[in-house]
Amino acid sequence: MSAFADAMALIVADPNLGTPAIYRPGGVGDGFSIRVVRSVPDEVVDAFGTSLVRPTDVLLVAATDVLAPAKGDVVLVGSETLTVLAAIRDPVGAAHRLLCSR
């Protein structure tokens with residue numbers, strides 16, 4: 001493992017930052033346990049001259065935990081079901097940033 005991958009593993013394992021989750025490739029099956037760092041940067045969008053708040057979720061996942069995340073995969077965080085809209089791998093390959101919808 002690289003120093004970046006080691007650091008990412010420590011970040012998601014930290015109980016103050018990481019949260020347990022279940023990852024379901026393709027949104028089906030029992031899935032498998034992972035840990036994620038979750039942020040909720042809600043977006044304000046304009047719709048016909050009216051500002052609307054659109055909830056968004058961004059999950060940071062160690063690349064060693066989820067090798068090939070894809071659109072349509074599902075992540076269960078607590079009682080919430082999040083669907084992956086896009087997965088962006090960081091430049092050093094230590095983590096994926098998953099852009100999700102609720």
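These are my notebook entries on a predicted model of one protein chain.

**Entry 1. Overall layout**

I began with the secondary structure and found one helix and eight strands in the chain. Read along the sequence, the order is α-β-β-β-β-β-β-β-β. I then looked up the extent of the C-alpha trace, which spans about 50 × 30 × 25 Å along its principal axes. Of the 102 residues, 29% count as buried. For contacts with a separation of 6 or more, I noted that 46% come from residues 24 or more positions apart.

**Entry 2. The helix**

Which residues of α1 are buried? In this helix, residues 3-13, I listed Ala-5, Met-8 and Val-12 as buried. Seen down the axis of α1, the buried residues fall within an arc of 55°, so they line one face of the helix. The general rule behind this is that an α-helix has 3.6 residues a turn, so residues three or four places apart point the same way. On the other side of α1, I found Ala-3 and Leu-10 exposed.

I next asked what the buried residues of α1 pack against. The partners are four strands: β1 (18-24), β2 (32-39), β5 (57-62) and β8 (95-101).

**Entry 3. Nonpolar cores**

The largest nonpolar core has 13 residues. Those with the most contacts inside this core are Tyr-23, Ile-34, Val-36, Leu-59, Val-61, Val-75 and Leu-98. I checked where the members come from: β1, β2, β5, β6, β7 and β8 each supply at least two residues.

**Entry 4. Salt bridges**

How many salt bridges does the whole structure hold? My search gave three.

Arg-38 and Asp-57 meet through their side chains, at 2.7 Å from N to O. Arg-38 lies in strand β2 and Asp-57 in strand β5, so this pair ties together parts that are 19 residues apart in sequence. Arg-38 is partly exposed, with a relative accessible area of 26%, whereas Asp-57 counts as buried at 1%.

Glu-80 also pairs with Arg-38, at 3.0 Å from N to O. Glu-80 is in strand β7 and Arg-38 in strand β2, 42 residues apart. Glu-80 counts as partly exposed at 31% relative accessibility.

Arg-102 forms a salt bridge with Asp-57, with the closest N and O atoms 2.6 Å apart. Arg-102 lies in the segment after β8 and Asp-57 in strand β5, so the pair ties together parts that are 45 residues apart in sequence. Arg-102 is partly exposed, at 47% relative accessible area.

I noted that the shared partners join Arg-38, Asp-57, Glu-80 and Arg-102 into one network. For Asp-57 I also listed the contacts beyond four places in sequence: Arg-38, Ser-39, Val-40, Leu-82, Leu-98, Leu-99, Cys-100 and Arg-102.

**Entry 5. Asp-73**

Asp-73 lies in the loop between β5 and β6 (74-77). I looked for a charged partner and found that Asp-73 is buried yet has no salt bridge. The nearest side chain of opposite charge belongs to Arg-24, 11 Å away. Why does that pair not count? A salt bridge needs a side-chain nitrogen of Lys or Arg within 4 Å of a carboxyl oxygen of Asp or Glu.

What lies by the side chain of Asp-73 instead is backbone nitrogen. That of Gly-26 is 2.7 Å from a polar atom of the side chain, and that of Ala-70 is 2.9 Å from a polar atom of the side chain. Not counting residues up to four places away in sequence, Asp-73 touches Tyr-23, Arg-24, Pro-25, Gly-26, Gly-27, Ala-68, Leu-82, Thr-83 and Val-84.

**Entry 6. Ser-79**

Is Ser-79 buried or exposed? Ser-79 counts as exposed, at 77% relative accessibility, and lies in the loop between β6 and β7. I checked its C-alpha distance to Ala-21: the two are 58 residues apart in sequence and 9.9 Å apart in space.

Note on methods
Residues numbered from 1 in each chain as written. Predicted model: local features only at pLDDT ≥ 70, side-chain atom pairs only at ≥ 80, totals over all residues. Heavy atoms only, no water. Buried < 20%, exposed > 50% of the residue type's maximum accessible area, 1.4 Å probe, protein only. Arc of directions from axis to C-beta. Contact = heavy atoms within 4.5 Å. Lys, Arg positive; Asp, Glu negative; His and termini not counted. Polar contact = N/O pair within 3.5 Å; in protein donor to acceptor, adjacent residues only side chain to side chain. Core = buried A, V, L, I, M, F, W, Y, C linked by side-chain atoms within 4.5 Å.
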